[in-house]
Amino acid sequence: PYSIRIANTNSLTDAKKYTSSYIRQGLNDVFVTVEFTEPASKRYIVCYGNYANESDAEQKSVELQFLGFEGDFTIVNLPDINSTKLFLYTVNLSGL
């Protein structure tokens, strides 16, 4: 599945702040994943949406930018948890 990376940080606190801000702006399909590319580090990736293909994600990215939303807007291909080893997991954002 594809998603739109709108922010990334090494701080969970900052990731929650980004997420809360986007939700207040009306982007309710925002979630945080954690990327472990190196054993000693992790990055919190704030994403928007879940798209079957890259072109749908790109189209939504352009729309969000046109509407004035700010962010990274990089299309990412998230691992399919049914067919690959899971490197990302969703962070619990309850209490935002």
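The dialogue below takes up the fold, sheet, helix packing and core of a predicted model.

Reader: On what conventions does the description rest?

Author: This is a predicted model, in which local features need pLDDT of at least 70 and side-chain atom pairs count only at pLDDT 80 or more, while totals for chains, interfaces and linings use all residues. Residues are numbered from 1 along each chain as its sequence is written, and side-chain values use heavy atoms, with hydrogens and water left out.

Reader: In what order do the elements of the protein chain run from the N terminus?

Author: Helices (H or I, at least four residues) and strands (E, at least two) are DSSP runs, numbered from the N terminus. Here the protein chain has two helices and four strands, arranged as β-α-β-β-α-β.

Reader: In what order do the four strands form the open sheet?

Author: Strands of a sheet pair through backbone hydrogen bonds, either parallel or antiparallel. Two strands count as paired if DSSP finds at least two bridges between them. In this model the order is S2-S3-S1-S4, with antiparallel pairing. S2 and strand S4 (74-77) are the edge strands, each pairing on one side only. S1 and S4 are joined by four bridges, and Arg5 stands opposite Thr74 in S4.

Reader: Which residues have the most contacts inside the largest nonpolar core?

Author: A nonpolar core is a set of buried Ala, Val, Leu, Ile, Met, Phe, Trp, Tyr and Cys residues joined through side-chain atoms within 4.5 Å. The largest has 18 residues, and those with the most contacts inside it are Ile4, Ile6, Leu27, Val30, Val46, Tyr48 and Leu64. S3 gives the most to this core, with four residues. Beyond its neighbours within four places in sequence, Leu64 is in contact with Ile4, Leu27, Tyr48, Phe69 and Phe73.

Reader: Why does Ser61 count as buried?

Author: Buried means under 20% relative accessible area, exposed over 50%, and partly exposed in between (1.4 Å probe, protein chains only). Ser61, found in helix H2, counts as buried because its relative accessibility is 1%. Leaving aside neighbours within four places in sequence, Ser61 is in contact with Ile4, Phe73 and Ile75.

Key. Contact = heavy atoms within 4.5 Å.
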